[in-house]
Amino acid sequence: MSLTPPLAERLRPQTLADYIGQTHLVGPDGIMRRMIESGNVASFILWGPPGVGKTTLARIIANTVKAPFYTLSAINAGVKDVREVIEKCSRDSSGIFASGRPILFIDEIHRFSKAQQDSLLGAVEKGTVTLIGATTENPSFEVIRPLLSRAQVYTLRPLDAAELQTLLDNALKDEVMASHNPEVRETTALFRFSGGDARKLLNILDLLEQSTPRGSRLVIDDRLVTDRLQENPAAYDKGGEMHYDIISAFIKSVRGSDPDAALYWLARMIEGGEDPEFIARRLLILASEDIGLANPNALLMANATFDAIHKLGWPEGRITLSECTVYLALSPKSNSTYLAIGKAQALVRETGDLPVPLHLRNAPTQLMKEMGCGRDYRYSHDYPGHFVAQQFMPDALGHKTLWQPADNPAEQRWAALQNERWARAPQPPAESAG
């Protein structure tokens, strides 16, 4: 007896009329629909998360324009495989097809090396083949620029609740599913676990159907879905695009002083299995870059958090990460020291290796003393308030103002103290670094 194909395969759309989602591309005014209807299919790359119909859309396009369709998986294909397929496409290009040329679909194209991607350029440039690539990673990072210049990038989106509902309605009409006389009472857990992934939704339904005894009715509710799945298979690739997007959202939420959003993104990383040390390291950077002198204790808190997750272990370490996240989000913000070191580095690059003024140099030998090293240096602790005005910059610079206080109480107090110090005695005229 032959095995029944998975539900996702049984329901794979064959035409655009059956295709669910991506209306911005394949809807009545969508660019891809117009491309298909004209029969003039240009090379392009489909970028989107798993299970949103990248492969299916490529097959529908090939079927619609009646073009020869070749596929390669970047996971196991090498340069030799690419060249062999291109040779076949070259032979097919001499035939008469509505599209004018064969279609080469490459799944996970971001996994191709530079050499493998280079091997595609000639065929795409000459029109030997229409390239359709699929990737879950940002093409601007993972696909070489010459190939990007020859292929338009189209972004595919996760399916929304209405589209998942349409997919669910279609799945319930499947012969195997219908044999259980299914009833859907709740969809919250089903859609949440699916995460906008059509394939994942259908795989969950497959699991529910296969775990239901023959002749029994399948009643789908939140409890059943949760019990059968046991845990939420969070969509989070620690080495992929989702990883960078979520840490970016996390940092920007803390910087933006929104502790609730920051906790949400922190939870997404925790549930996705992110390395706690990676999160703690990012909090350390943020404490210096975005809070700085507005609340110097933020750096102490972040550093203590980094140490604590090693001492506490997991999952208790998540509590410390939560505490630090909320503290940093609630702290006053300043990037004055971040800007100041940038100005200082720019000044160094502009002016080069200027000599250290003689009065600031050490004089460990008699010769250096005779040269004047350290001669006119004034020891700050010998003066009232432990301060005396003198030049510390190279002679050619005089005094450049690099640190500008931010508008927060802590830095305004520091700025007032500095002004008071330098007002006590004659000083070099202040200059702007800009």
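Before you click anything: the model is predicted, so local features need pLDDT of at least 70 and side-chain atom pairs count only at pLDDT 80 or more, while totals for chains, interfaces and linings use all residues. Residues are numbered from 1 along each chain as its sequence is written, and side-chain values use heavy atoms, with hydrogens and water left out.

**Stop 1: helix α16**

Select residues 276-291, which make up helix α16. (Helices are DSSP runs of H or I with at least four residues, strands are runs of E with at least two, and both are numbered from the N terminus.) From first C-alpha to last, the 16 residues of α16 reach 21 Å, close to the 22 Å expected at 1.5 Å a residue; the expected span is 1.5 Å times one less than the number of residues.

Now show side chains. Which residues of α16 are buried? They are Pro276, Phe278, Ile279, Ala280, Leu283, Leu286, Ala287, Asp290 and Ile291. Buried means under 20% relative accessible area, exposed means over 50%, and partly exposed is in between (1.4 Å probe, protein chains only).

Step to Asp275, the cap on the N-terminal end of α16: one of its side-chain oxygens lies 3.1 Å from the backbone nitrogen of Glu277.

**Stop 2: salt bridges within a helix**

How many salt bridges does the structure hold? Eleven, each being a side-chain nitrogen of Lys or Arg within 4 Å of a carboxyl oxygen of Asp or Glu.

Pick Arg33 and Glu37, whose closest N and O atoms are 4.0 Å apart. Both sit in helix α3 (residues 31-38), four residues apart, about one turn of the helix. Glu37 is exposed at 59% relative accessible area, and Arg33 is partly exposed at 22%.

Arg223 is exposed at 65%; Asp227 is partly exposed at 42%.

**Stop 3: a bridge across the sequence**

Select Arg150 and Glu125: their closest N and O atoms are 2.6 Å apart in a salt bridge. Arg150 is in the loop between α8 (145-148) and β5 (152-155) and Glu125 is in helix α6 (residues 114-126), so the pair ties together parts that are 25 residues apart in sequence. Arg150 is partly exposed at 30%, and Glu125 is exposed at 52%.

**Last stop: a network**

Finish by selecting Glu183, Arg185 and Arg217, which are linked in a network of salt bridges.

Notes:
A polar contact is a pair of N or O atoms within 3.5 Å; within protein, one must be able to donate a hydrogen and the other to accept it, and residues adjacent in sequence count only if both atoms are side-chain atoms.
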